[in-house]
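Here is a friendly briefing on a protein model, written for someone who likes to see the cut-offs next to the numbers. Please have a look at the sequence and the structure before reading on.

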Amino acid sequence: MEQRRENPRTARGHLFGCVFAVFLWSVASAQIRYSISEEVNEGTVVGNIAKDLGLDKSTLSDRKYRVVSSNADPLFHVNQNDGILYVSRKIDREEVCPQSSTCLIHLKTVLENPLEVHYVGVEVLDINDHAPSFPDKETTLDISESVLPGARIQLKASRDTDSGHFSVQHYKLTDSDHFRLEIKDKGEDGKIPILVVKKSLDRETAGRHSLLLTALDGGKPPKSGEMNIIVNVLDINDNAPVFSKDVYSVMLYENAPVGTTVIQVNASDLDEGSNGEVVYAFTNSISQRLLNLFDINPSTGEITVKGLIDYEEKDRYEIEIQAMDRGFAPLATEKSVIIKIVDVNDNAPEIEVTSFSNFIPEDSRPGTTVALISVNDLDSGLNGKVICSLSVDVPFALSPSLQDKMYSLVTKSPLDREKQSHYDLTITAKDAGQPPLSSEKTISVVVSDVNDNSPEFSLSPYTFYVTEGNNPGASVFSVKAFDRDESDNALISYHILRDGSQENKLASFLNINSENGDILALKSFDFETLKTFQFQVVASDSGTPSLSSNVTVNVFILDQNDNAPVILYPVSSNGSAEGVEEIPRNVNAGHLVTKVRAYDADIGYNGWLLFSLQEVTDHSLFALDRYTGQIRTLRSFTETDEAEHKLLILVKDNGNVSLSATATVIVKLVEPKEAFAASDVKSAAKDDEENNVTFYLMITLGSVSVLFLISIIVLIAMQCSKTTDYTSKYLQETNYDGTLCHSIQYRSGDKRYMLVGPRMSIGSTIVPGSNANTLVLPDRRRASAEVSKYLTCMLI
């Protein structure tokens, strides 16, 4: 209540004071008022104060009429002579009266003596001398692209120091599809420009907008000020990364080294900042197998080789990759990268024997399939094209099959196991790559035996020499055959051909071991009754059917000294070897008294007889020829010589163990007449005896001749059937002197053998182990065929 009572009093006091002050001001300062435009030149007349105030111009100087100002550089001054107010310097209204719509400058003029104060008001009128200006020549606005249309952004207003109508009256904005300008009038604060978004912003389409804002004053012509407005559209993560290509496809050689660049993908994001930073990676759907083979650089998008790339394992890979930005809510884009693997020739052909017969019969026809062979090359194209070949000089060939990369190993010529029973066939497979790769496989083919070879004897014919007097039942010789087949086909059994023919009649005395071919004689041979014979041995294999072959075996009986010499003459009536010879006493030296005749059934050295005097009455009378057995006188007889002489003759052969016989010859010396008479009587008896001897000799010669002819025929047949130089012939020696001796020549291989009697060849030598019965003769063959001579000499 008290407060209310006091307030009216206070209000009335204030009002009174104000009215009083206004009154004083009006008296003191509202005396005169001038107006002047700003920016007038120095010395411009503002007004005649003395005239307008009614002052005496003549006293102005004396009374020191002046303008009182606290400013060191006053704007106006009064001329004390004429009382005119002048401009002291250029007046800038905006400087003198900033932020004021009316610029009134109050001047206090003073006169002294007496003191008078006159107030003069000078209104500085504004001229359009200032253009509008913005605080910044350029301003930048950051506006999110997510801002909605209608959004308002207040801009900084332009300032114009001019006032009134010359201040900023209007704003103008360059044309824009996304912005427009609104002006807000704030009275004394001027007009404020407002930037309005009229269309949605897209940073990816236009990330920056450049606008020009123009402020215009009210002058005529108006002055303007400009400000560049840079609108940066702030990004939001509204764009996913986009790959530069729709399809990524690349060729990659297999076996590429680790670290090899396969391809570099590139994705761009229209956003900016972290929203536009792209990171590359494989998608989550990629398999671990691909992760082991490939790697991707998250920053550059470079895909590199990480593991072993093998065309044969897989020739094409499709990798899902993604490009993701780093926005708060990241966006990602996926893309497939197709990697086609290019084959290189890194695989050698593989050879596989799918069906194989280790054994093939030797009688297989050409074209017989031995094996089926397949070849495979994991490479492709020319790298996988395979050419197969087989070792040279083999009776096999590779025949292409109807199925690709299949071959048949077939025979191309007849097989012969006996020539070659085993083949190591090398199959070479070579591809057509560059450089070509090849592989080899060796298979062994064994040629199985068929019974296609007859047994073959090691010799044909066989010739054996058997010493007479062999032990019955003992093995005397052996034949051997071989069969070029094998197993049962080469298992040979022997038997003697017994066909009952005359030639094989002696085969009954022989037996053969069927397993080893040893031949046993069942009887003892006697050279004197059998000198040679032949038979045939058959060798048969155990194949089916069985094959066999024959061989002729020629057997020659070799003589042994098993016969003692037989005295043929002299022979007495009682069968003893004793005879009486009568010769005339008057015979001269060298007279043939008689001839001791002897025979040895053996041949060679065993049948070679030598004569010697064992006992004689007078050694000076008679001499005995060592080889012929002739007894001759050494000298003429004398009267003192005895009428009867006894000579003991020893006849022995030349065997290792000599056998001998003795003969006694009694020589009687008679007178010539008695000798003639006795010789007549004796000659008759002697003729009978000689006739008997001749008969025996004829039988012997006939037998030897028959044997000789048989031997010639056999040996000629053998010579014709065999190229081996073998001949055996018996020839009779016509010049014999009473001693029957035999000489047989034969050949075995490159040596000639001779069984000789007394007349032994000078160049002959005794063969060791022949019991001095066999001599080796020097080979005197000419270039043409040699004929061996077999001589039989008989001693009469």
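What follows goes from the overall fold to aromatic rings, charges, backbone geometry and a surface patch.

This is a predicted model, in which local features need pLDDT of at least 70 and side-chain atom pairs count only at pLDDT 80 or more, while totals for chains, interfaces and linings use all residues. Residues are numbered from 1 along each chain as its sequence is written, and side-chain values use heavy atoms, with hydrogens and water left out.

**Overall picture**

- The protein has six helices and 55 strands; these are DSSP runs numbered from the N terminus, with helices being H or I of at least four residues and strands E of at least two.
- Of the 796 residues in the protein, 42% are buried. Here buried means under 20% relative accessible area, exposed means over 50%, and partly exposed lies in between, with a 1.4 Å probe and protein chains only.
- The accessible surface comes to about 42500 Å², and carbon and sulfur atoms hold 51% of it. Areas come from the Shrake-Rupley method with a 1.4 Å probe, and for residues only the protein chains shown count as cover.
- Among contacts with a separation of 6 or more, 66% are between residues 24 or more positions apart, a contact being heavy atoms within 4.5 Å.

**Aromatic rings**

- A pair of aromatic rings is described by the distance of the centres and the angle of the planes. Rings of Phe, Tyr and Trp (its six-membered ring) pair if their centres lie within 6.5 Å; planes under 30 degrees apart count as stacked, over 60 as edge-to-face and the rest as tilted.
- By this rule there are 13 aromatic pairs. One of them is the tilted pair of phenylalanine 134 and tyrosine 171, with 6.1 Å centre to centre and 45° between the planes.
- Phenylalanine 134 lies in the loop between β7 (116-125) and β8 (138-144) and tyrosine 171 in strand β10 (residues 168-173), so this pair ties together parts that are 37 residues apart in sequence. Phenylalanine 134 is buried at 10% relative accessibility, and tyrosine 171 is buried at 3%.
- Phenylalanine 477 and phenylalanine 535 form a stacked pair, with 6.2 Å between the centres and 25° between the planes. Phenylalanine 477 belongs to strand β34 (residues 475-478) and phenylalanine 535 to strand β39 (residues 532-541), so the pair connects parts 58 residues apart in sequence. Both residues are buried.
- A cluster linked by ring pairs takes in Phe457, Tyr462, Phe464, Phe477, Phe525, Phe533 and Phe535.

**Charges over rings**

- Lysine 531 lies over the face of phenylalanine 527, at 4.5 Å from the ring centre. The rule asks for NZ of Lys or CZ of Arg within 6 Å of the ring centre and within 35 degrees of the ring normal.
- Arginine 597 places its charged end over the ring of tyrosine 569, 5.7 Å from the centre.

**Salt bridges**

- There are 17 salt bridges, each defined as a side-chain nitrogen of Lys or Arg within 4 Å of a carboxyl oxygen of Asp or Glu.
- Aspartate 136 and lysine 156 form a salt bridge at 3.2 Å, N to O. Aspartate 136 sits in the loop between β7 and β8 and lysine 156 in the loop between β9 (152-154) and β10, so the pair ties together parts that are 20 residues apart in sequence. Aspartate 136 is partly exposed at 31%, as is lysine 156 at 47%.
- Glutamate 418 and arginine 417 also form a salt bridge, with their closest N and O atoms 3.2 Å apart, and both are buried. They belong to a salt-bridge network of Arg417, Glu418, Asp449 and Glu486.

**Backbone geometry**

- Most residues other than glycine have a negative phi, and most peptide bonds are trans.
- The peptide bond from asparagine 113 to proline 114 is cis, with omega near -5°. Asparagine 113 has a positive phi of about 55°, lies in the loop between β6 and β7 and is exposed at 63%.
- Threonine 544 and proline 545 are also joined by a cis peptide bond, with omega about -5°; proline 545 lies in the loop between β39 and β40 (548-558).
- Aspartate 393 has a positive phi near 60°, and this residue is exposed at 77%.

**Surface patch**

- Phe695, Tyr696 and Ile699 form a nonpolar surface patch with about 350 Å² of accessible area together. Patches are made of residues with over 30% relative accessible area and no salt bridge, with like charges joined within 9 Å and nonpolar side chains (Val, Leu, Ile, Met, Phe, Trp, Tyr) within 5 Å.
- Tyrosine 696 is in helix α6 (residues 672-721) and is exposed at 54%.
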